[in-house]
Amino acid sequence: MHKDLDYVMFDQETISRRVEEMGRMLTEEYAGKSPVLLCIMKGSLVFTADLMRHLDLPCTLESITLSSYRDMATRPGAIEVASPVNLDLTGRDVIILEDILDTGKTLSFTLNLLKLQNPASMKLVVLLDKPSRREAPVEADLVGFTIPDAFVVGYGLDYDQKYRNLPCIGVLKPSVYS
């Protein structure tokens, strides 16, 4: 699978160090609280699993499955809620965990959906932020890495449901998806 990458943007060690640092920051911020970690599936599964190991907090894990790409690599379609949040978020502190903030359309939809449950607070934590592609007014509260406009895979990020298991984040060769 590495042969399909133009280059590795972040290796496993770099990702691990940053995720650990993010975990320490969230532990300090939420000291004395019991936040809900909301994993946006499937892309943020790896990020969520690693981040929660670095939280020294009593927390609850919940997930939501959304889809905006389906089989299209670069043109998002309509957003679908394939698996909704099953936990009542009323009055809870919610940490939304996402792999990448790209156009912002999916996260804008998600944030509006979650606000309907009246959480005490919501914090958007993303591993990657790609601000050059933003179409909706969404900003993350905590960002792992800011990246340029490149098609990245690995560490949970996929193309056509492949490459999620790469331990690094790499730029996919255009010949693979075009």
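In helix H1 of this predicted model, the buried residues are Ile15, Arg18, Val19, Met22, Gly23, Leu26 and Thr27. The elements that cover these buried residues include strands E1, E5, E6, E7 and E9, together with helix H2. H1 itself has 18 residues, and the distance from its first C-alpha to its last is 26 Å, close to the 26 Å expected at 1.5 Å a residue.

The protein has 4 helices and 9 strands, which follow one another along the sequence in the pattern β-α-β-α-β-β-β-α-β-β-β-β-α. Of the 178 residues in the protein, 46% are buried. Among contacts between residues at least 6 apart in sequence, 68% join residues at least 24 apart.

In soluble globular proteins, nonpolar side chains tend to be buried together. Here the largest nonpolar core has 27 residues, and Phe47, Leu128, Val152 and Ile169 have the most contacts inside it. At least two residues of this core come from each of E1 (5-10), H1 (12-29), H2 (45-52), E5 (93-101), E6 (121-129), E7 (142-146) and E9 (169-172). H1 gives the most to this core, namely 4 residues. Another core lies apart from it; this one has 17 residues, including Val36, Ile96, Leu111 and Ala140.

Leaving out residues up to four places away in sequence, Val152 touches Met9, Ile100, Leu128, Ile147, Leu157, Ile169, Gly170 and Val171. Leu142 has its place in strand E7 and, with a relative accessibility of 9%, counts as buried. Beyond its neighbours within four places in sequence, Leu142 is in contact with Arg18, Met22, Met25 and Leu26, and also with Leu124, Val125 and Val126. Leu97 lies 45 residues from Leu142 along the chain, and the C-alpha atoms of these two residues are separated by 9.8 Å.

Helix H3 (residues 105-115) shows how burial can be arranged around a helix. Its residues Thr106, Leu107, Thr110, Leu111 and Leu114 are buried. Seen down the axis of H3, these buried residues fall within an arc of 130 degrees, and they therefore line one face of the helix. Leu111 is also among the residues of the 17-residue core.

The strands can be considered next. Strands of a sheet pair through backbone hydrogen bonds, either parallel or antiparallel. An open sheet of 3 strands is found in the order E1-E9-E8, and its pairing is antiparallel. E1 and E8 (152-153) stand at the edges with a single partner strand each, so one side of each is left without a neighbour in the sheet. E8 and E9 run antiparallel and are joined by 2 bridges. Within this arrangement, Val153 stands opposite Gly170 in E9.

The cysteines complete the account. A disulfide is a covalent bond between the sulfur atoms of two cysteines. The structure holds 0 disulfides. Cys59 is partly exposed, with a relative accessible area of 29%, whereas Cys168 is buried, with a relative accessible area of 5%.

Key. Residues numbered from 1 in each chain as written. Predicted model: local features only at pLDDT ≥ 70, side-chain atom pairs only at ≥ 80, totals over all residues. Heavy atoms only, no water. Core = buried A, V, L, I, M, F, W, Y, C linked by side-chain atoms within 4.5 Å. Buried < 20%, exposed > 50% of the residue type's maximum accessible area, 1.4 Å probe, protein only. Contact = heavy atoms within 4.5 Å. Arc of directions from axis to C-beta. Disulfide = S-S within 2.5 Å. Pairing = 2+ DSSP bridges. Expected span 1.5 Å × (residues − 1).
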